[in-house]
Amino acid sequence: MGVFMEQDVFKKMLKEKGLKVTGQRLLVLETMAAHPGEHLTAEEIFDLAREKSPEIGLATIYRALQVLVELHVIDKLSFDDGFARYELGRDLGSKGHHHHHAICLGCRSVLSLEEDLLDPLEEKILERLGFAVTDHEVKFYGYCRACRKKRESR
């Protein structure tokens, strides 16, 4: 997807959500789209955004992120490392539920598992409890391939 095409998608989405299209909001979305799967912190988004727009302030980035999270344009994630991280929301990224994340306890890298393996479980929950799951969040903790190799070679 080219930058102009992305801009059009982002503008349309902001308007559909009743949000004013501002340069700062577009800059945040474009920055995140340029780094897919990276789960960026606000500070990382700020540093990357300043390359394109040196005058932007960190408080402006925080405000844009807060509004975009509230309207589910982006998702705020916690991987238990003390930082809030952000990724494009389901309307822009994956369809349906959140995807799952695998968090390495060694290097703290985060891997995304795009396919939703819990559909059968959700069907059972509906069948047995009459409870319709609308969303879920799953985090797997362990060691990535590189960290496993390091641990095995000790």
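This is a short walk through a predicted model of one protein chain, from its overall fold to a few single residues.

Start with the fold. The protein chain has 6 helices and 6 strands. Their order along the sequence is α-α-β-α-α-β-β-β-β-α-β-α. The C-alpha trace spans about 50 × 45 × 30 Å along its principal axes. Among contacts with a separation of 6 or more, 49% join residues 24 or more positions apart.

Next, the surface. The chain has 154 residues, and 34% of them count as buried. The chain carries 23 positive and 26 negative charges.

Now the rings. The structure holds 0 aromatic pairs. Y143 does have a charge over its face: R151 lies there, at 4.0 Å from the ring centre.

Finally, the backbone. Most residues other than glycine have a negative phi. Two residues here have positive values. H39 has a phi near 50°. It sits in the loop between α2 (23-33) and β1 (40-41). H39 counts as buried because its relative accessibility is 3%, and the cut-off for buried is under 20%.

R108 has a phi near 65°. Its place is the loop between β4 (100-104) and β5 (110-113). At a relative accessible area of 33%, R108 is partly exposed. That value falls between the limits of 20% and 50%. So H39 is a buried loop residue, while R108 is a partly exposed one.

Technical notes. Residues are numbered from 1 along each chain as its sequence is written. This is a predicted model: local features need pLDDT of at least 70, side-chain atom pairs count only at pLDDT 80 or more; totals for chains, interfaces and linings use all residues. Side-chain values use heavy atoms; hydrogens and water are left out. Helices (H or I, at least four residues) and strands (E, at least two) are DSSP runs, numbered from the N terminus. Buried means under 20% relative accessible area, exposed over 50%, partly exposed in between (1.4 Å probe, protein chains only). Contact means heavy atoms within 4.5 Å. Lys and Arg count as positive and Asp and Glu as negative; His and the chain ends are not counted. The place of a charge is taken as NZ of Lys, CZ of Arg, CG of Asp or CD of Glu. Rings of Phe, Tyr and Trp (its six-membered ring) pair if their centres lie within 6.5 Å; planes under 30 degrees apart count as stacked, over 60 as edge-to-face and the rest as tilted. A charge sits over a ring if NZ of Lys or CZ of Arg is within 6 Å of the ring centre and within 35 degrees of the ring normal.
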